[in-house]
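User: I would like to learn how to read a few local features in a model. Please take them one at a time, with the general idea before the case.

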Amino acid sequence: MAAQSARESVYTLLPRLEEKPVKPPRYISIYRPSVKQEAEKNKAKQKTMGPAKVEVPSPKNFLQKRSKEPKLPARKKEQDSKKLPALSVPRRTDHPVMGIQSKKNFINTNAVAAITELPKKPRPINVDRRQGDKYLLEASGLVPKYIKKKDYGVIPKYVTERKEKMKKAQKEYEDSILEYLKKRAMKVLSDEERKCLLQGLKKNWDEVYREFQCLPVKIDTIPKMLYKGKLETQMKQLEHDIEMIKKHKVIYIANE
């Protein structure tokens, strides 16, 4: 009863009618008639399926053997009419010329030719085994044929070109070394430069000595001790340089 009372409501007292959704009208293009007319106009009969009736090949025209092979053209009559070339060998039907005689004495001519003919020079042979196997000396490679060449003993062109290139490279290297040595050569210090250098060293020594005199009497810190040692080393170095320049009148310096 409690569940039934919970379902009851004022809105459910009257039955509701089911509203069915109304479908909108189907879309039809305004160009449909023209498109249909164009399609019927451009349609070709038997375009895809072929003609309605096809000629059937005759059973007499069957495929024969070697019917598809290429055939040679027919022989022309001009080729048949051409004469064959003359043969050097006599034919079987030909007969030799009879009755021709020569008055030449072949025995005497052969004897004279054999007497007057120069004897043939024997070909040089090489025997390299004790069994007596002989080989032609010319084909054996033992004959120095190369000495008979026109360019035998002549230096090849590429060797001379290579030597010239090497000489040129060596000369360029030597010239560069000489130029470098000239640049780094020693030059003599003139008297004016020597005096100016000496005056500058003395001036530097005076400045360092003035700074040294300005030091406090009591040096009790490490920075003061380091500064004093630095000034002392500078003064010693300047004194050494001044003494050396005074001692040597001619001084050479590097030309850098």
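User: How many aromatic pairs does the structure hold?

Analyst: Two rings pair if their centres lie within 6.5 Å. This is a predicted model, and it holds one aromatic pair. The partners are Trp-205 and Tyr-209, with 5.1 Å from centre to centre.

User: Is that pair stacked or edge-to-face?

Analyst: The angle between the planes decides, and under 30 degrees counts as stacked. For Trp-205 and Tyr-209 the angle is 5 degrees, so the pair is stacked.

User: Where do Trp-205 and Tyr-209 lie?

Analyst: Both are in helix 6, and four residues, about one turn of the helix, separate them.

User: Now a charged residue. In which helix is Arg-194 placed?

Analyst: Arg-194 belongs to helix 6, which spans residues 191–213.

User: Is Arg-194 buried or exposed, and which side chain of opposite charge is nearest?

Analyst: A salt bridge needs a side-chain nitrogen of Lys or Arg within 4 Å of a carboxyl oxygen of Asp or Glu. Arg-194 is buried and has no salt bridge. Its nearest side chain of opposite charge is that of Asp-191, 5.6 Å away.

User: What lies 3.3 Å from a polar atom of the Arg-194 side chain?

Analyst: That is the backbone oxygen of His-248. Leaving aside residues up to four places away in sequence, Arg-194 touches Leu-189, Ile-245, Lys-246, His-248, Lys-249 and Ile-251.

User: Which value of phi does Arg-66 have, and where is the residue found?

Analyst: Phi of Arg-66 is near 60 degrees, a positive value in a residue other than glycine. Arg-66 sits in the loop between helix 2 (32–42) and helix 3 (77–81). Arg-66 counts as exposed because its relative accessibility is 61%.

User: How many helices and strands are in the chain?

Analyst: The chain has seven helices and four strands, in the order α-α-α-α-β-β-α-β-α-α-β along the sequence.

User: What percentage of the residues count as buried?

Analyst: Of the 256 residues of the chain, 5% do. The accessible surface comes to about 27400 Å², and carbon and sulfur atoms account for 57% of that surface.

Methods:
Residues numbered from 1 in each chain as written. Predicted model: local features only at pLDDT ≥ 70, side-chain atom pairs only at ≥ 80, totals over all residues. Heavy atoms only, no water. Helix = DSSP H or I, 4+ residues; strand = E, 2+ residues; numbered from the N terminus. Buried < 20%, exposed > 50% of the residue type's maximum accessible area, 1.4 Å probe, protein only. Lys, Arg positive; Asp, Glu negative; His and termini not counted. Polar contact = N/O pair within 3.5 Å; in protein donor to acceptor, adjacent residues only side chain to side chain. Contact = heavy atoms within 4.5 Å. Phe/Tyr/Trp six-rings, centres within 6.5 Å; stacked < 30°, edge-to-face > 60°. Areas by Shrake-Rupley, 256 points an atom, 1.4 Å probe, with all protein chains shown as cover.
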